[in-house]
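Thanks for coming. I have one structure to go through today, so please look at the screen.

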Amino acid sequence: MAISASTATPTSPAASQPAQTGPLHPILERAQAHAADEGLPYAGGVTPAEAWELVSAGEAVLVDVRSGEERKFVGHVPESLFAPWATGTSLTRNPRFVRELESRAGKDAVVLLLCRSGKRSALAAEAAAKAGFKHVFNIREGFEGDLDEQQRRGSFNGWRHAGLPWVQD
């Protein structure tokens, strides 16, 4: 569902992101309970549809942790923030990830992290939680979803497969 071309990469300052002050949205409470049961080292995981519901309601900020190349050539969620977990085509770990995430979202915000399949964003969520982010969640399935039997993505899950908004440069 590519809608339009966009080259903007929002990087709003952390001060403009809503801080979590009251009770968490029920979706996030369920995610936290599940994370506690699973022993996850971060606040929890949500589906792409749940993430879109939270972002649309102003309950969370979505941060794309894929590489700049992935955002440009595969597509991205409109108005998502960008803090790459890894950079370049070789996906070299970004040593400034936590600082970049903090400058874009802030440690007090409810942050939803998105990557290609949900695996890198889980690692990023763990690093963010260790750095003091209290409400950092992984978007399970990611932007493109898991691999199918033919080793292709996008056929049965993920952000794009769910028909959620995205654009491509």
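W52 is partly exposed, at 28% relative accessibility. Bear in mind that this is a predicted model. W159, by contrast, is buried, with a relative accessible area of 0%.

Now the aromatic pairs, of which there are three by the rule used here. One of them joins W52 and W159 edge-to-face, with 6.0 Å centre to centre and 90° between the planes. W52 belongs to helix α2, residues 48-56, and W159 to the segment after β7, so this pair ties together parts 107 residues apart in sequence.

Next, W85 and F97. Their ring centres are 5.2 Å apart and the planes stand at 85°, so this pair is edge-to-face. W85 is in the loop between β3 and β4, while F97 is in helix α4, residues 97-104, so the parts tied together here are twelve residues apart in sequence. W85 is buried at 10% relative accessible area, and F97 is buried at 0%.

W85 has another contact: R93 lies over its face, 3.7 Å from the ring centre. Elsewhere, the charged end of R66 sits over the ring of F143, at 4.4 Å from the centre.

Last, strand β6, residues 111-114. Which way do its side chains point? V111 and L113 go one way, L112 and L114 the other, and all are buried. β6 runs parallel to β2, residues 61-64, with four bridges joining them; L62 has L112 as its bridge partner. β6 also pairs with β7, residues 136-139, in the parallel sense, over three bridges, and there L112 stands opposite F137. With helix α5, residues 119-130, β6 and β7 make a right-handed β-α-β unit.

Technical notes:
Residues are numbered from 1 along each chain as its sequence is written. This is a predicted model: local features need pLDDT of at least 70, side-chain atom pairs count only at pLDDT 80 or more; totals for chains, interfaces and linings use all residues. Side-chain values use heavy atoms; hydrogens and water are left out. Buried means under 20% relative accessible area, exposed over 50%, partly exposed in between (1.4 Å probe, protein chains only). Helices (H or I, at least four residues) and strands (E, at least two) are DSSP runs, numbered from the N terminus. Two strands pair if DSSP finds at least two bridges between them. A crossover is right-handed if, with the strands pointing away from the viewer, the path from the first strand over the helix to the second runs clockwise. Rings of Phe, Tyr and Trp (its six-membered ring) pair if their centres lie within 6.5 Å; planes under 30 degrees apart count as stacked, over 60 as edge-to-face and the rest as tilted. A charge sits over a ring if NZ of Lys or CZ of Arg is within 6 Å of the ring centre and within 35 degrees of the ring normal.
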